[in-house]
Amino acid sequence: MKRPLIVCDCDEVLLHMVRHFRDWLDAEHDIAFTLKGNPFMQSMKRRGDTEPMTEDDVWRLLGGFFDTQMDSQVPIEGAVDAVASIQEKADFVILTNLQDARNAARKAQLEQVGINAPVYTNQGPKGGTLKQIAKERDASHVVFIDDIASHHASALEHLPRSSRLQFCGEPAVAPHIPCALDAGHASARIDNWDEALPWVLSTIEMEQDRAD
């Protein structure tokens with residue numbers, strides 16, 4: 001029997017990232033990261049430097065963080081238990097925007113906190129890869145969970161029959177990111193697992209009833 005498929009982002013959905021990135025930038029690079037506005041292009045500034053950070057600077061620093069600091073990331077509250085509950089009802093995979101060379105490190109990182117699931121790495125908009133995963137797994141229905149609004153727009157374009165939950169579990173960032181629900185690209189916007197888990201489970205059940 002076909003099972004529903006949950007395709008879930010990692011950073012700010014399952015694991016905190018920007019708070020640990022901020023602390024690392026402060027301690028190792030003397031960079032202030034305020035977690036306001038666009039968290040990667042408008043919120044970072046070298047202390048004592050009037051020149052803005054370049055996009056190349058940001059990508060280089062992000063790469064350094066993921067190469068050396070993944071062990072610092074802790075789970076979003078409720079995420080580990082939520083994944084375990086979802087896995088009783090559906091297949092669950094991770095779709096994370098990291099270079100493919102970091103796939104094994106991401107999988108090991110998640111296993112260390114108690115999340116055991118296949119990991120797919122991706123670069124750029126996620127809709128195309130999401131569609132490929134859904135085809136590969138022959139799912140009865142797909143639920144896509146991600147914090148970034150543009151990925152929901154991409155998911156809607158490539159897999160319009162999916163259910164799409166925008167979720168950002170970092171309170172310092174959540175108020176500042178564009179809302180995919182308001183844009184008409186997400187099915188729901190929920191930023192904590194106490195409310196998100198019932199939504200996911202009820203969506204799975206509703207879609208299974210429709211299939212029957």
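Which residue forms a salt bridge with aspartate 191? Select arginine 189: the closest N and O atoms of the pair are 3.0 Å apart. A salt bridge here is a side-chain nitrogen of Lys or Arg within 4 Å of a carboxyl oxygen of Asp or Glu. Aspartate 191 is partly exposed at 28% relative accessibility (buried is under 20% relative accessible area, exposed over 50%, partly exposed in between, with a 1.4 Å probe and protein chains only).

This is a predicted model, in which local features need pLDDT of at least 70, side-chain atom pairs count only at pLDDT 80 or more, and totals for chains, interfaces and linings use all residues. Residues are numbered from 1 along each chain as its sequence is written, and side-chain values use heavy atoms, leaving out hydrogens and water.

Stay on arginine 189, the bridge partner of glutamine 166 in β8. Now colour the open sheet of 6 strands, ordered β5-β4-β1-β6-β7-β8 with parallel pairing (strands, E, are DSSP runs of at least two residues and helices, H or I, of at least four, numbered from the N terminus; two strands pair if DSSP finds at least two bridges between them). β5 (119-121) and β8 (188-189) are at the edges, each with a single partner strand.

Next, select aspartate 30 and arginine 47, a salt bridge with its closest N and O atoms 3.1 Å apart. Aspartate 30 is in the loop between α1 and β2 (31-33) and arginine 47 in the loop between β3 (44-46) and α2, so the pair links parts 17 residues apart in sequence.

Finish with lysine 107 and glutamate 111, whose salt bridge has its closest N and O atoms 2.6 Å apart. Both are in helix α4 (residues 103-112), separated by about one helical turn.
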